[in-house]
Amino acid sequence: MSPSHPFAVLRARSLWGGTGAILGAVALLFSLFYLGANINPSGSVRGLPVGLVDADRGATVDGRPLGLGKQAVEAITREAAGHREVSWQVLDRQEAERRLASGRLFGALVVPEDFSASVAALGGPAPADGPKRPVLMVLTNPSAGSMGSAMAGRITQQAAHTVSLTIGGELSKHAPAQAQPSTAERLLLADPVGVQVQDGHPLGSHSGMGLTAFYYALVLVVCGMLGANVVNSQVDVALGYAHSDIGPWRRRRPLLRSSRVQTLAVGGVLIVSLSVVMATLVLAVAVGVLGMDAPHVPLLWLYSVGTVATVGLGALALLAVFGTPGMLMVTLVFIAMSVPTAGASTPVEALPGFYRFLAEFEPLRQITGGVRSILYYDAQADAGLTRGWAMMAAALAGAVVFGFGATRFYDRRGLHREHAPAAAVSQTA
């Protein structure tokens, strides 16, 4: 094969080495970030916030006060003292419901008001309709994350079962010796407490079981990323630094010499302006066409515009500073590292340490928190909305400083882009 033939480049080690290194890095990093964060969430969970409510009014048995609710709470917290998986938060019922309704609890275990009285009744004469089983209430919270809610549900049910066995042992020891309980009564005395599961913060039917916030936020991030990529290439075409290829036709405009700072500024104006269009269309499709539950549409629209603009400017800054490798960095920052640490499928508390660190500043988690607050928690500031706005402002400032600072440095050092001939080129391939 002639050295001048196009296929001759396949003999070049640099082509194989460079391309292989880039694609290998992509495969390696995506595997590490996606799989590493989700391989063993149960083994990685640390400090999962779960409420513990003692609403028991107590009872009087043989003239002595009986407070099994307090005993149950003390037993659960004492058992958990040597473990780091769960952060039991002892609260009253009103505060627990408030934290469930702001996404700060993944679930709760509630000792009801008549718990002691119900247990005490098991030691007395059986009612005509048979003995009634005392109940502990487990509250779930899918709005805070389906996996986190499932983990909390499993943990609270295990705790309720432990309480039941402990109380059952006490009841069996104090059962009257002359009594001859039936088989059903003996089983009830051994494991007397049942579990009632309820949704602690119900969502609408068009809330994706608590996942619409994540997917909506992901769409906004993708719009910002792809928007930046399109804007970057279109600005280069408009300024004459790149060809425009449409099918077999190639066109190149006359060169308009532009500094790196000016090029980034043009792209910034475009992405910020067009973020209004993209965010409006996303919201129109989600709410108007698909019927997504969204109680605060104007606020959601404003937050969406800010998200697309911020992600777009951040991506443009990376592209302006790093050039062609910038798109790979954009993908790693906004997708590879962001999706696994967003707290949607796996709660942040169940991530390994390194990924939990990433979650503190990775954009998708902050964006999802703000969207979740608007969609599920009545736009409460402490439910993630304040953090979302604050992190968005910090990211926007960082993108502007980093992008314009680096490109200005390039310009001052004379590191200009390679210029094509000034004459316009128009040809058919």
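Trainee: Is Trp389 buried, partly exposed or exposed?
Mentor: Buried means under 20% relative accessible area, exposed means over 50%, and partly exposed is in between (1.4 Å probe, protein chains only). Trp389 has 31%, so we call it partly exposed. Tyr303, at 0%, is buried. Keep in mind that this is a predicted model: local features need pLDDT of at least 70, side-chain atom pairs count only at pLDDT 80 or more, and totals for chains, interfaces and linings use all residues. Residues are numbered from 1 along each chain as its sequence is written, and side-chain values use heavy atoms, leaving out hydrogens and water.

Trainee: How many aromatic pairs turn up in the whole structure?
Mentor: Rings of Phe, Tyr and Trp (its six-membered ring) pair if their centres lie within 6.5 Å; planes under 30 degrees apart are stacked, over 60 edge-to-face, and the rest tilted. The search finds eight. One of them joins Tyr303 and Trp389, edge-to-face, with 5.1 Å centre to centre and 80 degrees between the planes. Phe409 and Tyr410 make a tilted pair, at 6.3 Å and 55 degrees.

Trainee: And which value does phi take at Met209?
Mentor: Most residues other than glycine have a negative phi. Met209 is not a glycine, yet its phi is positive, about 55 degrees. With a relative accessible area of 71%, Met209 is exposed. Ala379 also has a positive phi, near 55 degrees.
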